[in-house]
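Please keep the sequence and the structure in view while reading.

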Amino acid sequence: MPVAELKERHAAAIEAVNDLRERLKQRRQQLLDTDVAGYARSHGRSQVTFGPTDLVCCRTLQGHTGKVYSLDWTPERDRIVSASQDGRLIVWNAQTSQKTHAIKLPCAWVMTCAFSPTGQSVACGGLDSMCSIFNLNSATDRDGNLPVSVTLNGHKGYVSCCQYVPDEDIHIITSSGDQTCVLWDITTGLRTTVFGGEFQSGHTADVLSVSINGANSRVFVSGSCDGTARLWDTRVASRAMRTFQGHEGDVNTVKFFPDGNRFGTGSDDGTCRLFDIRNGHQLQVYYQQHSDKEVPLVTSIAFSISGRLLFAGYSNGDCYVWDTLLARVVLNLGSVQNSHENRISCLGLSADGSSLCTGSWDTNLKIWAFGGHRKVI
Amino acid sequence: MAAGSGGSLSLPPPCPKSPPEYPDLYGKRRETAKVQMLEREISFLEVELKSVGGLQHASRCCKEVTDFVTTNSDPLIPTNRKNRKSCRLWKWLCGIPCFNLSMICCCCYSECSCHLTCRPCYNCNDMCDCSLCKCSSCNCNSCLSCCTNPRRRCCSCPKSQCCGNISCGKTCCIFRFPSCKDRCYRWKCCPKCPKVRLCCCTKNCCNLCCFLF
């Protein structure tokens, strides 16, 4: 077929895709008879209220000398790994604030870190386009550094996010600036599956975040600079199961809702959104009007264990605690006593939901817990 | 055959030919692959369009979310407040002027837990109210006369969240990233740099590439 005819077919196909997407969007709109806040209000749900000391900072983890970019808890809730611009991973005992490991990275440009489900290993990735695994029980080398035990090499762009597949230390999923996500086998160091890419139907820009479904570890969601979130089944690489449109900017962060049927997103457009994975509905938008012209970007999100609270870090240093049912901000951790002095870049809930850890460009991590009183019956 | 006058044909002058055009097979295959991908996407979208009609309304999903959230307990959410009888004494004491007890009074009026103390309020209002000590509404001009601990917004640099420890330029902070190449264009200033901001892009991208970092 001549190239000119190919180009005509290409243009016609693009037009057809755009037309179908518009029609799909309109059909979906007809099904959006309410959102979560509208439903909750109509059923008499009252807002969560926080007193000034109900959620307090009970630990400040100091030790990094650069911006903190990423953090992750162990499933046993007592340890945290953090990654920083200073080129180190630090493993902390969350209860005592002690540092158990300070790992100097071969490439200082780290963007993400993750704890393995058993807590034996940590993974990190960044601008070196690789994901490096460290076994915390390994002996250090003669310089006192923990050696890299496995290097996962294959991405053609920076590694923006990584997460171990729950309940096994063998598989990890990474997202990358090369527009793909990859499922890796750590024992062989090889790619098991590549999601998206040049000739597969996937993201069309850098992928910035992944979140694996805790209820079904074969399913994960990714967020991208193309403004979409996509749902993937690890058994099907050729195409995303579903694409979620709606955001008007990069989707910086994605996180599954505790029930495993929904997930949240945070974006450069300043909104967080809640989507349903089974039917693709956008169930809620979380957005607070600002008097400034500049809308702060959402950098990171996390849900509380019940899903009632959505924690969202913003580029202006705010950390809103949203009541997910009523879509209202109930607390701003960015303005309470002893809060961070700069942008909160990462958030994470402990496995039992009792503590929130925040990491910031002020080089610190902070652990927040409930500090109020409860009625004892 | 010698050229002669009168009746003999003369050959046209030699004219160099352009090299033959080789087919751009790689480009053609690439274009074909893109078209195939789009046509596959069209078929997926058509299937999805047909199935949308059978989907449940959003209200059903909203009910599921509400039911799930309200069924599960949450260690971070306050439940019923304990009847703090001990604070009633403090409240009575705080009924009298308590200039020297401003810290304790702050606790009482804002219903802080009594075993915690509030940060002292300096140069804020005279009212004993912890919430006013946060100075969350500070802007840069008046910040120094507000809380004792200047907030991040009370920075003389207009883009303080960008700058950190690096001196603030007129627009964003400047940070050198060695592997940036080529010209800048929106969002792709330095291909290897994640999320480079337009405000920081200049023609000499290598040297003046601003990270979102």
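In chain A, four strands with antiparallel pairing make up an open sheet whose order is β2-β3-β4-β5. The two edge strands of this sheet are β2 (68-73) and β5 (99-104) of chain A, each of which pairs on one side only. From one strand to the next, the twist averages 15°. The structure shown here is a predicted model, and the values in this report should be read with that in mind.

Within this sheet, β2(A) and β3(A) are joined in the antiparallel sense over five bridges, and the residue that A:Asp72 stands opposite in β3(A) is A:Val81.

Strand β3 of chain A, which covers residues 79-84, contains A:Ser82. Is this serine buried or exposed? A:Ser82 counts as buried because its relative accessibility is 0%, and the cut-off for that label is a relative accessible area under 20%.

The side chain of A:Ser82 makes a polar contact, at 2.8 Å, with the side chain of A:Trp92. When residues up to four places away in sequence are not counted, the residues that A:Ser82 touches include A:Trp92, A:His64, A:Val68, A:Ser70 and A:Leu71, and also A:Cys113 and A:Leu365.

The loop between β6 (110-115) and β7 of chain A holds another serine, A:Ser116. A:Ser116 counts as buried because its relative accessibility is 0%. Its side chain makes a polar contact with the side chain of A:Asp169, at 3.2 Å. Leaving aside neighbours within four places in sequence, A:Ser116 is in contact with A:Pro75, A:Ser121, A:Tyr164 and A:Asp169.

Strand β7 (residues 121-126) of chain A runs antiparallel to strand β8 (residues 130-135) of chain A, and five bridges join the two. One of the residues taking part is A:Ser121, whose bridge partner in β8(A) is A:Asn135. The hairpin of β7(A) and β8(A) has three residues between the strands, and in this hairpin A:Ser129 takes a positive phi near 65°. Strand β8(A) also pairs with strand β9 (residues 150-153) of chain A, in the antiparallel sense and over four bridges; in β9(A), the bridge partner of A:Ser132 is A:Thr151.

## Cavities and their lining

How many cavities of 30 Å³ or more does a search of the whole structure find? The search finds two, and the largest cavity has a volume of about 60 Å³.

The residues that line the largest cavity include A:Leu105, A:Pro106, A:Cys107, A:Trp109 and A:Val110, together with A:Cys124, A:Asp128, A:Met130 and A:Ser132. The elements that give two or more residues to this lining are β7 and β8 of chain A, and β7(A) gives the most, with three residues. The serine that lines this cavity, A:Ser132, is also the residue whose bridge partner in β9(A) is A:Thr151.

## A second sheet, β22 to β25

Another open sheet of chain A is formed by four strands in the order β22-β23-β24-β25, with antiparallel pairing. Its edge strands are β22 (298-303) and β25 (328-332) of chain A, and each of them pairs on one side only. In this sheet the twist averages 30° from one strand to the next.

Strand β23 (residues 309-314) of chain A and strand β24 (residues 319-323) of chain A run antiparallel and are joined by five bridges. In β24(A), the bridge partner of A:Gly313 is A:Cys319.

Strand β20 (residues 272-276) of chain A contains A:Phe275. A:Phe275 is buried because its relative accessible area is 2%, with the cut-off again being under 20%. If its neighbours within four places in sequence are left aside, A:Phe275 is in contact with residues including A:Phe244, A:Gln245, A:Asn261, A:Arg262 and A:Phe263, and also with A:His281 and A:Leu283.

A:Phe275 and A:Arg308 are 33 residues apart along the chain, and their C-alpha atoms are separated by 15 Å.

Conventions: Residues are numbered from 1 along each chain as its sequence is written. Chains are lettered from A and ligands numbered from 1 in the order in which they are written. This is a predicted model: local features need pLDDT of at least 70, side-chain atom pairs count only at pLDDT 80 or more; totals for chains, interfaces and linings use all residues. Side-chain values use heavy atoms; hydrogens and water are left out. Two strands pair if DSSP finds at least two bridges between them. Buried means under 20% relative accessible area, exposed over 50%, partly exposed in between (1.4 Å probe, protein chains only). A polar contact is a pair of N or O atoms within 3.5 Å; within protein, one must be able to donate a hydrogen and the other to accept it, and residues adjacent in sequence count only if both atoms are side-chain atoms. Contact means heavy atoms within 4.5 Å. Axes are lines fitted to C-alpha atoms, for helices over the stretch in contact, and angles run from 0 to 180 degrees between N-to-C directions. On a 1 Å grid over the protein atoms alone, a cavity is a set of points where a 1.4 Å probe fits but cannot get out, and a pocket is an open set with protein on both sides within 12 Å along at least five of seven lines; lining residues have an atom within 4 Å of a point. Grid points are joined across faces, edges and corners, and a volume is the space filled by probe spheres set on the points.
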